[in-house]
Amino acid sequence: MAAAALLLVAALVALGSGHGGEAFDPNPLQDFCIADATSKVRVNGLSCKDPAAVVSDDFFFAGADKLRDAVNERYGYSAVTVQIPGLNTQGQRYARVDLALGAIFPPHYHPRAAETAVVLEGSVYFGFVSSYPDNKLFSKVLHKGDVFAVPQGLMHFLYNNGTAPAALYASLSSQNPGLVLLANVLFAGALPDDLLAKTLFTDKHTVDSIRANFRRS
């Protein structure tokens, strides 16, 4: 009986501390799993290349200090993923984000990741909003060297209201954090016009006018 009780306690502790109850990526089962981009097999991450073929460059990325031109014409930002094959299965993703003067990274959230970002250049207004019913805004004007954190799944935004282009280096707590742009979900998707009109306390004509902006290339 004592042995059975001990096994039961051990099982409950394992369940409570295991990744099944967590919202982050599971721990890797080996030192590293260098992403094999040529493989068509998809597991929790990408398939691993032969460990004997692993080299130092698999853990390296050059150019994170380089300013990028804004590639999103609508909002004026550029987000470039830091491609490091050695991060495969490590539960992390990094990106450099550049914002032209006056540009925004519009309200969005990452369903599978928390985010921490450090300002490399310029200054930005950075904030997030807590969940319903509080909907409380937490925000700061950040300058070079400042760091701001966003809890997992909460809506956040960036706004370059400074006097020069800005750049940030962002760290996300999942290999596949996901990205949901709120305006795109509402107006670029297939939600019925009357549903949106009732949700936003407006009329279908206003909804159609806004949607027209999202249909333009």
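Visitor: Why is His110 called buried?

Guide: A residue counts as buried when its relative accessible area is under 20%, as exposed when this is over 50%, and as partly exposed in between, using a 1.4 Å probe and the protein chains only. His110 has 9% relative accessibility and therefore counts as buried. Please keep in mind that this is a predicted model, in which local features need pLDDT of at least 70 and side-chain atom pairs count only at pLDDT 80 or more, while totals for chains, interfaces and linings use all residues. Residues are numbered from 1 along each chain as its sequence is written, and side-chain values use heavy atoms, with hydrogens and water left out.

Visitor: Where is His110 placed, and which residues does His110 touch?

Guide: His110 is in the loop between strand S5 (104–109) and strand S6 (115–121), where helices (H or I, at least four residues) and strands (E, at least two) are DSSP runs numbered from the N terminus. Contact means heavy atoms within 4.5 Å, and, not counting residues up to four places away in sequence, His110 touches residues including Glu115, Gln152, His156 and Leu172.

Visitor: What makes Glu115 count as buried?

Guide: Glu115, which lies in strand S6, has 10% relative accessibility, so Glu115 counts as buried. Leaving aside neighbours within four places in sequence, the contacts of Glu115 include His110, Phe126, Phe148 and His156.

Visitor: What kind of contact does the side chain of Glu115 make with the side chain of His110?

Guide: The two side chains make a polar contact at 3.0 Å. The term stands for a pair of N or O atoms within 3.5 Å; within protein, one must be able to donate a hydrogen and the other to accept it, and residues adjacent in sequence count only if both atoms are side-chain atoms.

Visitor: Which residues does UniProt list for "binding site"?

Guide: The UniProt record, an unreviewed entry, lists His110 and Glu115; its positions follow the numbering used here, feature names are shortened, and annotations may be inferred rather than shown by experiment. The lining of the second largest pocket includes His110 and Glu115.

Visitor: What makes Cys33 and Cys48 a disulfide?

Guide: A disulfide is a pair of cysteine sulfur atoms within 2.5 Å, and the sulfur atoms of Cys33 and Cys48 are 1.8 Å apart. The pair links distant parts of the chain, 15 residues apart, with Cys33 in the loop between helix H1 (2–17) and strand S1 (42–43) and Cys48 in the loop between strand S2 (45–46) and strand S3 (77–81). A search of the whole structure finds 1 disulfide.

Visitor: Are Cys33 and Cys48 buried, exposed or partly exposed?

Guide: Cys33 has a relative accessible area of 2% and is therefore buried, whereas Cys48, at 41% relative accessibility, counts as partly exposed.

Visitor: How many aromatic pairs does the structure hold, and why is the pair of Phe126 and Phe148 called tilted?

Guide: The structure holds 8 aromatic pairs. Rings of Phe, Tyr and Trp (its six-membered ring) pair if their centres lie within 6.5 Å, and planes under 30 degrees apart count as stacked, over 60 as edge-to-face and the rest as tilted. Phe126 and Phe148 lie 5.2 Å centre to centre with 50 degrees between the planes, so the pair is tilted. The pair links strand S7 (residues 123–129) and strand S9 (residues 147–150), 22 residues apart. Phe126 is buried, with a relative accessible area of 1%, and Phe148 counts as buried at 12%.

Definitions and conventions. On a 1 Å grid over the protein atoms alone, a cavity is a set of points where a 1.4 Å probe fits but cannot get out, and a pocket is an open set with protein on both sides within 12 Å along at least five of seven lines; lining residues have an atom within 4 Å of a point.
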